[in-house]
Structure formats: C-alpha cells, structure tokens
Amino acid sequence: VQLQASGGGLVQAGGSLRLSCTASGNIFRISDMSWYRQAPGKQRELVAVIGSGGLTDYRDSVKGRFTISRDNAKDTAYLQMNSLKFEDTADYYCRASIVSSRGSFPTAYWGQGTQVTVSS
C-alpha cells in the first residue's frame, strides 16, 4: 500500500491550496484518513481527520478555514486550505488506516510530505 500526497506549494497569505492524498495497492477498505503537519523545529500535529462515513474533526487553529473531504471511489482524501496564514507553513503528511483483506485489522500508512509555504 502506498499513499501519494500532492498539491503543496508557495502561496501568499490569504490564498488557498488544495492537497490530495491517494492510496493505492492492496486495499480492501479505508477507515479514517487524516492530514498532519510538521513545521521546522516542531512536533508533527494533527490537522484534520475524516472517518469512513464522512465525520470530520479539525484542530482549533484551522476550523473555518480548512475542509477535509474524501472520495471513496478514488481512495483519495483532500484538504482544502483557505485563508492561509504564515503559521500554516509546514510539511503536510497524509495518513490512512487501511484494511488489506476481509477480517484483518487496519494498518496505518503515511504518505510522503508535501511542502506548504505561506509568505506573509
């Protein structure tokens, strides 16, 4: 199983970016999908999570600005980031809990980071 993240880049404060994360490989079912970020010198932190049924949760600092969604037919999660702030600058990582076969337990997989840089 692999997770491929994309969509990062350089944007001015107030701008928008949309991140994508697509899972591929031996997938029976994907449980929750989430986005984390890690700024230089800081610990990785959870940004947003979406369950298989579509329930979402966000860290307080991004509520009202970021929206996580998923397309189950494409095994893909998205993170729409609006009104970006300088403090949103970080490497963003996607994570997914994936069941590879019926009856097996979910395993957590990580995608490679995609860099988001917000200029002030």
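Which pattern does the protein chain follow when read along the sequence? In this predicted model, the answer is β-β-β-β-β-β-β-β-β-β-β.

**View 1. The strands of the protein chain and its overall dimensions.** The protein chain holds eleven strands and zero helices. Its radius of gyration is 14 Å, close to the 14 Å that the globule rule gives for 120 residues, so the chain is as compact as a globular protein of that length.

**View 2. Burial and contacts within the protein chain.** Of the 120 residues in the protein chain, 38% are buried.

**View 3. The disulfide of Cys21 and Cys94.** The count of disulfides in this model comes to one, and this link joins Cys21 to Cys94 with an S to S distance of 2.2 Å. Cys21 belongs to strand β3 (residues 17-24) and Cys94 to strand β9 (residues 90-99), so the pair ties together parts that are 73 residues apart in sequence. The link of Cys21 and Cys94 is right-handed, with 65 degrees about the S-S bond, and both cysteines, Cys21 and Cys94, are buried.

**View 4. The surface and the charged side chains.** The protein chain exposes about 6,500 Å², of which carbon and sulfur atoms supply 47%. Its side chains include 13 positive and 9 negative ones, and the centres of these two sets lie 3 Å apart.

Technical notes: Residues numbered from 1 in each chain as written. Predicted model: local features only at pLDDT ≥ 70, side-chain atom pairs only at ≥ 80, totals over all residues. Heavy atoms only, no water. Helix = DSSP H or I, 4+ residues; strand = E, 2+ residues; numbered from the N terminus. Rg over C-alpha atoms; globule rule 2.2 N^0.38 Å. Buried < 20%, exposed > 50% of the residue type's maximum accessible area, 1.4 Å probe, protein only. Areas by Shrake-Rupley, 256 points an atom, 1.4 Å probe, with all protein chains shown as cover. Lys, Arg positive; Asp, Glu negative; His and termini not counted. Charge placed at Lys NZ, Arg CZ, Asp CG, Glu CD. Disulfide = S-S within 2.5 Å.
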